[in-house]
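This briefing covers a chain contact, a helix pair and some backbone features. Please look over the sequence and the model before reading on.

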Amino acid sequence: MEFALLLAIPLLGAALLGVFGARHFAPELNALLSAATFVAAVALAVRVIAEGNLLAGGEQFFIDPFNVFLVTLTALVGMTTALFSRPYMRVEVEHGRLTAGRLRLYHSMYQLFTFTMLLALTTNNMGLLWVAMEAATLSTVLLVTLYRTPASLEAGWKYFILCGVGIAQALFGTILLYFAAEHALGGSGIQSLLWTHLNTVKTELEPAVLALAFVFLLVGYGTKVGLAPLHNWLPDAHAEGPTPISAVLSGLLLNVALYAVVRCKVLVEGSLQSAVPSKMLMTFGLLSVVLAALFLWRQRDIKRLFAYSSIEHMGIVTFAFGMGGPVASFAALLHMTVHSLTKSAIFFAVGHAAQKTGTQMMSDIRGLVTVSPTVGWGLMLGTLAILGLPPFGVFASEFLILTTAMREQPWAAPVLLAALGIAFAAIFRRVQPMVFGETTAKRLPHPPALLPVFAHLGLVLMLGVYVPPYLADWYRAATVLIGGQ
Amino acid sequence: MNNLTWDLQLLNACAALLLLLAFAMLSQRRIVTLVYLLALQGALLCVATLLVAWRTGESHLYVSAGLTLALKVLFLPWLLNRLIRRLDVYWDTESMLNTGGTMLIGVGIVIFSFGLAQPISALASTATRSSIGIAVAVILLAFLTMITRRKAMSQVIGFLSMENGLFFGAMSATYGMPMIVELGVALDVLVAMLVLGVFFFQIREQFDSLDLHHLESLKEQK
């Protein structure tokens, strides 16, 4: 029941907002639908925690602690972003950057995007997972080009073609997976692509085929995670689309794509009985962290800056999943959570800041704190949180990942630490003058929605000092599923 | 080769022609012709699917063949032709590499593909296993087409050709994916093309051209 609602609300919402998306109450309706989705997600999570794993829809859907935690996170950030987008999009309309038709498209696609992500997370069918991931790209392409500026069209085209090609590789990987499964399960048909079935026979899957499949799956879904060197679309799409979309792309879509990679890794590792998939994840992860940290120095646009920071953090999580083991997997899950919350909070603050100053160029944004102390401090605190300063949650997860790396992969720890230091300097030297100093900002007709910013940062702060026991149990259960024993 | 039944021989002929078409697309500069080649590729894929369906009696493959016919032979080429006429893009400009060089790389790709497909073919129990290598080659050649072209339209045609290769690969290795997945993939391709149609007009409105060199300003350090 909860589960049916979870998928039905955003799907119906997309249709509803396709009709009413330009009305004056549309932003509220959008927020209300997202809130309802969140309630359904919480109810589902409570049920899964109480009753254990859940199979639904003729085994087509499968919910375990690993994905229900991401479902809740997705629904939560979906809701707060909808709250943020209320005043934000109103200001955009008043600035004449959007017409009524585009606003309707925006609202409708926002719900559809939520639906595709939830579908990708809950499906048990590796083929449907692919379909949902591709649908997630398609529903956001026209949102990236919402402003129809030359730069946004370019970003949209890049996003479409790179993710399209990437995801085509993943389809080939899925075909290979199906091929191996048919072999092991001894029959064809729909059963052979169900993750739960594959998981039970994973040791019998043909290693040679699965190794090949994993290369294609990692490259395919890795493109969507934004792993270097396949990350080219990410900064452009984040910088040129409307800010609420940057927040959900960064905070949610990357997580969902990484979830797909981890699901595949569990199967492949079971079949190969070797550390090759882990090594591949670690290499891609570390490469992303280092490259992103270096590119951070060259950014001038504030949204591009934080987009590169997302690549860096996705690299850290990928690296941690690659290391495996209970502590690293726990830390990876924690890091996914705190990165989502912090990064979306930063994008909220950045969105308001960019509207107040009328630019995304960092050199033109100055002295936010004098005009709007809350936006200024929101951005500052968010930045400190994402840079991994204690007592925020990012510090806790990065600390766990680093200490595990020192023990298990001593060669990687210094590289990781150096990259984190470079990223720290690159971001901090930019953000500090934006927040303090002489101001260039002006007041706006709609008061900014700052509740989401501080709610997120509050949660991140809490996770830094205290992980509630039920959440820790939840992470631990998920860790076991990923194969950390 | 004499011990092959006529249907298998026909199937192998289809596979060979698919590969030939992939090369033809690699060298073709006229976009209208590219669309015809794509439609022809779709038609071959449809015939191959029908043959396999008839051979194995798997009923879902008939649906899949029908889907291929409707989508890849009729609808998408029609849509692309319409877009070409409306947007007035008949020719692609000179590609990044000259034709001879591209062809040579293409030959290299085919050899690589057969090497890559070797372990899969060895395991496959399907009668069509020998064409897995061809499917991989078609996918990679389409990829090469996308890389070497500048016009948005030719890149999209390359993308669709890649999709054809993927379907052919799925059919050769496993007699097709489960129905629900194939339907989902077809839906995604359809929506992708509709989104693209909208997108082309946006690009056109903004730049007066579909040449992708206009879309190269977003580099690091503008």
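A residue counts as buried if 20 or more other C-beta atoms lie within 10 Å of its own, as exposed if 12 or fewer do, and as partly exposed in between. The model described here is predicted.

**Positive phi**
- Arg148(A) has 16 C-beta neighbours inside 10 Å and therefore counts as partly exposed. Its phi is near 60 degrees, a positive value in a residue other than glycine.
- Arg148(A) sits in the loop between helix 5 (126-144) and helix 6 (150-185) of chain A.
- Gln273(A), not a glycine either, has a positive phi of about 55 degrees. With 10 other C-beta atoms within 10 Å, Gln273(A) is exposed.
- The loop between helix 10 (243-272) and helix 11 (276-296) of chain A holds Gln273(A).

**Cis peptide bonds**
- Ala228(A) and Pro229(A) are joined by a cis peptide bond with omega of about 0 degrees. Pro229(A) belongs to the loop between helix 8 (207-225) and helix 9 (233-240) of chain A.
- Pro390(A) to Pro391(A) is a cis bond, with omega near 5 degrees. Pro391(A) is in the loop between helix 15 (373-386) and helix 16 of chain A.

**Helix pair in chain A**
- Helix 13 (residues 325-357) and helix 16 (residues 393-408) of chain A pack at about 150 degrees, their axes 8 Å apart. The two helices are therefore roughly antiparallel.
- The residues of this contact are nine nonpolar, seven polar and one charged.

**Contact between chains**
- Chain B and chain A each give 38 residues to the contact.
- Helix 7 of chain B supplies the largest share of the chain B side, 14 residues.
- That side has 27 nonpolar, eight polar and three charged residues.

Technical notes:
Residues are numbered from 1 along each chain as its sequence is written. Chains are lettered from A and ligands numbered from 1 in the order in which they are written. This is a predicted model: local features need pLDDT of at least 70, side-chain atom pairs count only at pLDDT 80 or more; totals for chains, interfaces and linings use all residues. Two residues are in contact if their C-beta atoms, placed from the backbone, lie within 7 Å. Helices (H or I, at least four residues) and strands (E, at least two) are DSSP runs, numbered from the N terminus. Ala, Val, Leu, Ile, Met, Phe, Trp, Tyr, Cys and Pro count as nonpolar, Asp, Glu, Lys and Arg as charged, and the others, Gly among them, as polar. Axes are lines fitted to C-alpha atoms, for helices over the stretch in contact, and angles run from 0 to 180 degrees between N-to-C directions. Angles under 35 degrees count as roughly parallel, over 145 as roughly antiparallel, 65 to 115 as roughly perpendicular and the rest as oblique.
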